[in-house]
Amino acid sequence: MKKKIIVACGGAVATSTLAAEEIKELCQENSIDLDLVQCRINEINTFIDDVDLICTTARMDQTFGNIPIVHGMPFVSGVGIEQLKDKILSILKG
């Protein structure tokens, strides 16, 4: 079953691209069929239908019902990246 993930940042370019590439690779390695949407934080509502996970690289106080949100800065900094990957996998496989 395909999993839909939104990767969002302030500008939808630099940091979200890093996070998106890491998530694509993680899903490929774990045989997870992926539909990935990259956007700005203020565009999340546009793509929210049937989303399994939101990953943001910018600070966000907004929530979207019961959709899990993870902070993707470890994909940029490298600090805590394995814990983040484990968390994403547990959400997608759960």
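1. Strands here are DSSP runs of E with at least two residues, helices are runs of H or I with at least four, and both are numbered from the N terminus. Two strands pair if DSSP finds at least two bridges between them. In this pairing, I5 stands opposite L53 of β3.

2. A word on the source: this is a predicted model, in which local features need pLDDT of at least 70 and side-chain atom pairs count only at pLDDT 80 or more, while totals for chains, interfaces and linings use all residues. Residues are numbered from 1 along each chain as its sequence is written, and side-chain values use heavy atoms, with hydrogens and water left out.

3. Now step back to the whole sheet. The sheet is open, with four strands in the order β2-β1-β3-β4 and parallel pairing. At its edges lie β2 (34-40) and β4, each pairing on one side only. On average, neighbouring strands are turned by 20° against each other, direction ignored. Seven bridges link β1 and β2 in the parallel sense, and I5 has L36 as its bridge partner in β2.

4. Is T56 buried or exposed? Its relative accessibility is 3%, so T56 counts as buried (buried means under 20% relative accessible area, exposed over 50%, partly exposed in between, with a 1.4 Å probe and protein chains only). Beyond its neighbours within four places in sequence, T56 is in contact (heavy atoms within 4.5 Å) with A8, I41, I69, V70, H71, G72 and M73. Both faces of β3 are covered, with L53 and C55 buried on one side and I54 and T56 buried on the other.

5. Finally, the helices. Helix α1 (residues 14-29) and helix α3 (residues 81-93) pack at an angle of about 60°, their axes 11 Å apart. Axes are lines fitted to C-alpha atoms, for helices over the stretch in contact, and angles run from 0 to 180 degrees between N-to-C directions. The two helices are therefore oblique to each other (under 35 degrees is roughly parallel, over 145 roughly antiparallel, 65 to 115 roughly perpendicular, and the rest oblique). From α1, the contact uses E22, I23, L26 and C27; from α3, it uses I81, K85, I88, L89 and L92.
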